[in-house]
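Colleague: Can you walk me through this one? I'd like the overall picture, then a pocket, then some strand detail.

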Amino acid sequence: VFKTGDRKHTNHRSVFDPIHVLNMRDMCEKHITIPFQFYCLTNDPQLNLIKTEKIPLKYKWPTWWSKFELFNIKGPVLYFDLDIIIRDNIDNVINTIDSMCKSNDDLCMLDHRRPSTHHVKYGRKQFGLNSSIMYYKNDMSIMIKSFLNLKYHEVLSQKKLNHGDQDVIKHFIKKKNVSCNPITIDNIQWYNGFLEAPNKTSSIIYFTGSPRPWEQKEVIYPG
């Protein structure tokens with residue numbers, strides 16, 4: 001998802017530019033041999049990148065809330081946030097994620113709760129599911145239908161849900177709107193500035209806020 005006009009809605013000190021879409025597309029082309037089509041959901045009518053299918057965003061939801069429009073696309077869909085680094089071939093990672101989807105109606109999301117050296121070291125044992133990487137096989141339109149039924153302004157007013165899309169997705173899982181299988185793959189690693197350096201063998205490094213991939217020098221970011 002690439003959006004313009006979000007600077008006033010976010011506290012993050014960096015936002016995304018078209019080059020980040022281009023870099024994600026190039027990383028996918030370089031490190032995936034399984035046939036795929038690269039799509040970008042966007043509100044930018046000027047965005048025009050080679051080998052990229054553009055899907056216009058329908059709603060004017062700010063920041064990460066636009067991610068819910070992903071669920072209008074019929075699967076199979078593998079979603080990546082733009083602040084991700086793919087370092088080498090991920091065919092096996094994709095096949096493993098696919099096998100984790102026990103049903104055609106399941107949603108797979110990153111398990112951000114697994115114990116690890118940096119989680120234990122910094123006393124953060126429970127993180128919850130993370131939407132930086134998501135996968136589903138079939139029709140997941142129930143997600144956006146459920147979100148529309150919540151009414152957007154009501155979502156922001158509920159303290160338990162106002163942290164973002166991940167809290168709302170977890171809410172739907174709890175209410176049994178959708179079933180979810182956590183993605184638990186050691187080859188996918190979280191990185192943030194206050195944590196130790198990423199494992200050099202990890203195929204995918206995902207970031208959650210500052211620093212963004214292009215704001216650090218420990219892991220090579222293309223471009």
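**Overall picture**

Modeller: This is a predicted model. Of the 223 residues of the protein, 49% count as buried.

Colleague: How many helices and strands does the protein have?

Modeller: There are six helices and nine strands.

Colleague: And what share of the accessible surface belongs to carbon and sulfur atoms?

Modeller: Carbon and sulfur atoms account for 51% of an accessible surface of about 12000 Å².

Colleague: How does the lining divide into nonpolar, polar and charged?

Modeller: The lining of the second largest pocket has 22 nonpolar residues, two polar and two charged.

Colleague: Switching to strand β8. Which residues point which way from it?

Modeller: From β8 (residues 188–191), Ile188 and Trp190 point one way, while Gln189 and Tyr191 point the other way. In a regular strand, side chains alternate between the two faces of the sheet.

Colleague: Are those four residues buried or exposed?

Modeller: All are buried, Gln189 included.

Colleague: How many bridges join β8 to β9, and do they run parallel or antiparallel?

Modeller: Four bridges join β8 to β9 (residues 204–207), and the two strands run parallel. Ile188 has Ile204 as its bridge partner in β9.

Note on methods
Residues are numbered from 1 along each chain as its sequence is written. This is a predicted model: local features need pLDDT of at least 70, side-chain atom pairs count only at pLDDT 80 or more; totals for chains, interfaces and linings use all residues. Side-chain values use heavy atoms; hydrogens and water are left out. Buried means under 20% relative accessible area, exposed over 50%, partly exposed in between (1.4 Å probe, protein chains only). Accessible areas come from the Shrake-Rupley method with a 1.4 Å probe; for residues, only the protein chains shown count as cover. Ala, Val, Leu, Ile, Met, Phe, Trp, Tyr, Cys and Pro count as nonpolar, Asp, Glu, Lys and Arg as charged, and the others, Gly among them, as polar. Two strands pair if DSSP finds at least two bridges between them.
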